[in-house]
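Here is a protein to explore together. Take a moment to look it over, and then read the short briefing below.

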Amino acid sequence: MESVKLGIKEAAEFLRTHDEFLIFSHANPDGDTLGCAYALCGALRGMGKKAKNICADEMSKRYMFMKDGLPAQEDFTPATFVTVDVADRKLLGSLGDKYGSKIDLAIDHHVSHVDFAKNLCCEPNAAAACQTVYKIIKELGAPITDRIAECLYVGISTDSGCFKFSCTSPETHLIAAELLHYDFDFSGLNYIFFDMKTKERIALEEQLYRGIEYYCNGKCAVVSVTTEQMQSVDIEDGNGISTIPRQIEGVEVGVVMKQRTNGWKASLRSNSSVDVQKICSAFGGGGHERAAGCSFNNMSLEDAKKMIVSEIEKVLS
Ligand SMILES: [Mn+2]
């Protein structure tokens, strides 16, 4: 189904002329999809409309604060279905079967968005869907509370890697700057989302650092992590492991070998012009130019490493 494409004004008009909203976040929710949902829900309630949020999966405790500070809402039967930051109906997770074909409006920022909603407001240049939601809320003239501003800020900050990723634009900073006029602890939030690590995570990193191996005159670094080691931290804590070797000066391709039940998975990250997607596609994997992965089933760690490193050597030598 092809979605009718809406701009900011039209998306705001859609929300203004509808009510009884059910707002969907994507499965395994992140700061952006949750920030969008709670900000939009709060703004719609602030306009006297009925709105509530739904997600296939539990949110991590770091995002729980978003639930607080929204105007209370009695129960109601939803009539308008809106998704935020959902690039594909598959990403609705277990809610997809029931609601996937019923979505009235999708608000998104993924270049890879696959149409599933009747209407779509998508800004593929936005660093976060929260940027788009902010513009829609402004257009609606809905009251922005400190809590709404905080939710939007978290979405923008987390999706832009604390304003470090290349998706960060002047508009990203301008919207963040407007949000900073509200009262919330942005510095504390960025500490929690970007600096703070659990003791278990630090212990895991210590083990990984001890196991670093260099290849290609130090331009390639490889670490491996067993299932048992990954189980020592919770899922959220395990995020970002793949980027560790790439942090090392002079390393152009970082590889993290992750144990799977039937072998090993290689996660590659590139710092330079090396297209790691190409390297991984040689083994039936895929991804993006700077981040890709492939699997080595029924193979020992040593054999899997040899295969991926020899392919990287071809590119780096
Ligand atoms: Mn996003």
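## How the chain folds

Among contacts (heavy atoms within 4.5 Å) in the protein chain between residues at least 6 apart in sequence, 65% join residues at least 24 apart. Keep in mind that this is a predicted model, where local features need pLDDT of at least 70, side-chain atom pairs count only at pLDDT 80 or more, and totals for chains, interfaces and linings use all residues. Residues are numbered from 1 along each chain as its sequence is written, and side-chain values use heavy atoms, with hydrogens and water left out.

**Overall shape**
- Along its principal axes, the C-alpha trace of the protein chain spans about 60 × 40 × 35 Å.
- Buried residues (under 20% relative accessible area, with a 1.4 Å probe and protein chains only) make up 49% of the 317 residues.

**Charges**
- The protein chain carries 34 positive and 44 negative side chains, counting Lys and Arg as positive and Asp and Glu as negative, without His or the chain ends.
- The centres of the two sets lie 2 Å apart, with each charge placed at NZ of Lys, CZ of Arg, CG of Asp or CD of Glu.

**The manganese site**
- D32 (OD), D85 (OD), H109 (NE2) and D159 (OD) coordinate the manganese ion at 2.1 to 2.3 Å; donors are N, O and S atoms within 2.8 Å of the metal (3.2 Å for Na, K and Ca), and water is not among the atoms, so sites may look incomplete.
- Along the chain, the donors follow the spacing D-x52-D-x23-H-x49-D.
- With 9% relative accessibility, H109 counts as buried.

Methods. Buried < 20%, exposed > 50% of the residue type's maximum accessible area, 1.4 Å probe, protein only.
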